[in-house]
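Here is my note on the model below. Please read the points with the coordinates open.

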Amino acid sequence: MNVRVYETKNSVATHFAAFLEEEIRGREEYHMALSGGSTPRILFEELSKTDRYKIDWKKVYLYWGDERCVPPNDEESNYKMTVDHLLRNVPIPEENIHRIMGENEPSVEALRYGILLERELPSGSGIPVFDMVILGMGEDGHTASIFPHEIHLWDSEQNCEVATHPESGQKRVTITGRLINNSKEVAFLVTGAGKADKVQSILGKSQGYRQYPAALVEPVSGKLSWYLDAEAASALQSLNSD
Ligand code: 6PG
C-alpha cells in the first residue's frame with residue numbers, strides 16, 4: 001500500500017491528476033470507476049484543464065462506483081456533479097460514459113448495471129476488471145455506498161447492490177467488494193479533518209478497524225494508494241511522532 005500526503009486538497013487533486021495522465025498515456029483503453037464527494041469534484045476541475053493535462057479522452061471509459069437514486073439532473077446526482085465539473089469540459093465520446101441510472105427502480109438498476117459491467121469490462125477470473133477505481137471515504141468509514149451498518153453488502157456475490165444511507169434513508173446503487181478488489185488499481189482520495197480518526201484506525205489497523213467498509217479495500221493486484229491531505233493524515237502524523 002502506498003500512502004501519499006499532500007498539504008492541501010488542491011495539491012491532492014493536482015498530484016492525482018498528473019498520475020492519471022501518465023497512467024492513461026500508456027494504455028490502449030482505460031476503464032475507470034468514479035466516485036462522488038468533495039475531493040473528486042476538485043480532481044474533476046483539475047482534469048478539466050485541457051491545456052495542462054494531455055489526456056486522450058477517446059480511450060477513457062467512465063463508470064461510477066456508486067450513485068444516489070435520484071434523476072440525472074438532481075443536485076444530489078454523482079453523474080450530474082461529474083457533468084458539471086468534468087464531462088462538459090473534456091472531449092470524451094458520449095458512448096464512453098456509462099452512468100448508473102439513478103432514476104430507475106434501484107434493484108432493477110443494480111442488476112442492469114452489473115450486467116453492463118460484465119459486458120463492457122474485460123474479465124479476470126470471471127469478474128469484471130476496472131483499470132482504476134477511485135474511492136472516497138466518509139467520516140463514518142463508508143466507501144462507495146457501502147456503509148458500516150450494511151457492511152455485509154461488501155461480500156455480495158453480485159456486482160452491484162442497493163444500499164441505504166443511514167441518516168437520510170436515501171437509496172443508492174453501489175458496486176461491491178468483489179469488483180473493487182478485482183480492480184487493477186484502487187485509489188482513495190480523502191481530505192479534511194473529519195476523516196482523520198478513521199484514516200488512523202484503518203491505516204494503523206487499530207482494534208476493530210475492519211468494521212469500516214473502507215478497511216476492506218484490498219485489491220488482489222496489491223495496487224492500493226491513499227491520497228491524503230495534511231488534515232486527513234493529521235492523526236497518523238501525531239502517532240508517528242509519538
Ligand atoms: C457518495 C460517495 C461517497 C463519498 C464519501 C466521501 O456518493 O457519497 O461516492 O462514498 O466518496 O462520502 O465524500 P466527501 O469526499 O464529500 O467527504
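1. **Packing of α3.** The buried residues of α3 pack against β2, α2 (38-47), β3 and β4 (66-68). Contact here means heavy atoms within 4.5 Å. Buried means under 20% relative accessible area, exposed over 50%, and partly exposed in between, with a 1.4 Å probe and protein chains only. Helices (H or I, at least four residues) and strands (E, at least two) are DSSP runs, numbered from the N terminus.

2. **Basis.** This is a predicted model: local features need pLDDT of at least 70, side-chain atom pairs count only at pLDDT 80 or more, and totals for chains, interfaces and linings use all residues. Residues are numbered from 1 along each chain as its sequence is written, and side-chain values use heavy atoms, with hydrogens and water left out.

3. **Burial in α3.** How many of the 10 residues of α3 are buried? Eight are, and the helix is mostly covered. They are N78, Y79, K80, M81, T82, V83, L86 and L87.

4. **Start of α3.** A side-chain oxygen of S77 comes to within 3.1 Å of the backbone nitrogen of Y79. For reference, a polar contact is a pair of N or O atoms within 3.5 Å; within protein, one must be able to donate a hydrogen and the other to accept it, and residues adjacent in sequence count only if both atoms are side-chain atoms.

5. **The sheet.** Six strands make an open, parallel sheet, ordered β1-β11-β10-β7-β2-β3. Strands pair if DSSP finds at least two bridges between them. The edges are β1 (2-6) and β3 (60-64); each has a single partner strand, so one side of each has no neighbour in the sheet. Neighbouring strands are turned by 20° against each other on average, direction ignored. Axes are lines fitted to C-alpha atoms, for helices over the stretch in contact, and angles run from 0 to 180 degrees between N-to-C directions.

6. β10 (residues 186-190) and β11 (residues 224-229) pair in the parallel sense over five bridges. A187 has S225 of β11 as its bridge partner.

7. **Helices across the sheet.** α3 (residues 78-87) lies across β2 (30-34) and β3, at about 145° to β3. α6 (residues 196-203) lies across β1, β10 and β11, at about 150° to β11.

8. **Cysteines.** The structure has zero disulfides; the cut-off is a pair of cysteine sulfur atoms within 2.5 Å. C69 is partly exposed at 21% relative accessible area, whereas C160 is buried at 5%.
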